[in-house]
Amino acid sequence: MEKAATYRIKIPASTENLSEVREFVSKHARDHGFSNQDISDIKLAVDEACTNIIKHAYKFDKSKVVTIELEFEHRQVIVMLTDQGVGFNPNSYEKPNLPEQIKKKKRGGMGIHLMKNLMDKVTYENINGNNILYMSKNRG
Amino acid sequence: MKNFKIDHRTNNGLEVLDLHGELDAHTASQLEDALKQLISHKKSYIIVNFHQLEYIASAGLGVFMAYIEDVRSIGGDIKLTNMNDKVFNVFDLLGFPTLYDILEDEESAVNKFLKELS
């Protein structure tokens, strides 16, 4: 049986590290045979998830850490993002109402909508104060 | 790290912002500043050219959501042009094409503005 390959990076909770996360995701997804379209989708979904953690879970506190782990098995990638901040369950969010938000000059909620659209499955759990977001996608 | 950069120029008296590189939650504030500056100078006919933009995250789209009403309320518009497929796909997934003028190229946006202004 093929053994799963896992890769992990930890970044301080600052948006300046998002490009490094995208490069990390792109490199490994490419090495594991994902198409350019799949790589774009995974990269954006992980960027959005990290951004949410930095903004909402950690409120831009650079002393906090976000862990991103990629697990490749068979034709699938599972992305796990772990933080110890304020938890939020992406499945409790509704699709953003764009005309309404524009009128109220409200942003937000879009990242979760993208994550759900770009990945096959998005789940969340809290274990002993760790928020863990799982996102998976099969190679197209 | 890929740089994000904005160049400002005019085309037929219309304001054009050329976006380069990667627009994410870190670089979105630069776009926000550029739009704020135009609006504060009552420049409301704005074309944003995405030709050199390689990547966009929702924070970038959020900037357009935050300022479109301000621009339209003073009689102008923000028209978006020259997006590559990947960038357009993000706008499309979030339902922007029904609320924003997204055009194939800058010339189409210029012609549309000039027609609207005549």
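Trainee: In which sense do E4(A) and E5(A) pair, and over how many bridges?

Mentor: Bear in mind throughout that this is a predicted model. As a general idea, strands of a sheet pair through backbone hydrogen bonds, either parallel or antiparallel. In this case E4(A) and E5(A) run in the antiparallel sense, with seven bridges between them, and Val122(A) is found opposite Met135(A) of E5(A).

Trainee: What is the phi of Lys105(A), and where is Lys105(A) found?

Mentor: Lys105(A) has a positive phi of about 50° although it is not a glycine, and its place is the loop between helix H3 (98-103) and H4 of chain A. With a relative accessibility of 42%, Lys105(A) counts as partly exposed.

Trainee: Is Met115(A) buried or exposed, and with which residues is Met115(A) in contact?

Mentor: The cut-off needed here is that buried means under 20% relative accessible area. Met115(A), which lies in helix H4 (residues 110-118) of chain A, has a relative accessibility of 1% and therefore counts as buried. If its neighbours within four places in sequence are left aside, its contacts include Ala45(A), Glu48(A), Ala49(A) and Asn52(A), and also Val122(A), Leu133(A) and Met135(A). As for sequence and space, Met115(A) and Val46(A) are 69 residues apart along the chain, while their C-alpha atoms are 7.7 Å apart.

Trainee: Turning to chain B, what is the order of the strands in the open sheet, and which are the edge strands?

Mentor: The open sheet of chain B has five strands in the order E1-E2-E3-E4-E5, with mixed pairing. Its edge strands are strand E1 (5-11) and E5 of chain B, each of which pairs on one side only. On average, neighbouring strands of this sheet are turned by 25° against each other, direction ignored.

Trainee: How many bridges join E4(B) to strand E3 of chain B, and how many join E4(B) to strand E5 of chain B?

Mentor: Strand E3 (residues 45-56) of chain B pairs with E4(B) in the parallel sense over five bridges, and Ile47(B) stands opposite Lys79(B). Between these two strands the chain passes through H2(B), and this β-α-β crossover is right-handed. On the other pairing, E4(B) and strand E5 (residues 101-103) of chain B are parallel over three bridges, with Ile102(B) as the bridge partner of Leu80(B). Here the chain crosses through helix H3 (residues 85-93) of chain B, and this β-α-β crossover is right-handed.

Trainee: Why is E4(B) described as largely enclosed?

Mentor: Five of the five residues of strand E4 (residues 77-81) of chain B are buried, so E4(B) is largely enclosed by the rest of the structure. Both of its faces are covered, with Asp77(B), Lys79(B) and Thr81(B) buried on one side and Ile78(B) and Leu80(B) buried on the other.

Trainee: What should I note about the span, the kink and the burial of H2(B)?

Mentor: Helix H2 (residues 58-73) of chain B has 16 residues and reaches 24 Å from its first C-alpha to its last, which is close to the 22 Å expected at 1.5 Å a residue. A kink of about 35° in H2(B) is centred on Tyr67(B). Twelve of the 16 residues of H2(B) are buried, so H2(B) is largely enclosed by the rest of the structure; the buried residues include Leu61(B), Phe64(B), Tyr67(B) and Val71(B). Just after H2(B), Gly75(B) takes a positive phi of about 90°.

Notes. Residues numbered from 1 in each chain as written. Chains lettered and ligands numbered in written order. Predicted model: local features only at pLDDT ≥ 70, side-chain atom pairs only at ≥ 80, totals over all residues. Heavy atoms only, no water. Helix = DSSP H or I, 4+ residues; strand = E, 2+ residues; numbered from the N terminus. Expected span 1.5 Å × (residues − 1). Bend = angle between axes of the 7 residues up to and from the residue. Buried < 20%, exposed > 50% of the residue type's maximum accessible area, 1.4 Å probe, protein only. Pairing = 2+ DSSP bridges. Right-handed = clockwise from strand over helix to strand, strands pointing away. Axes fitted to C-alpha atoms, helices over the stretch in contact; angles between N-to-C directions. Contact = heavy atoms within 4.5 Å.
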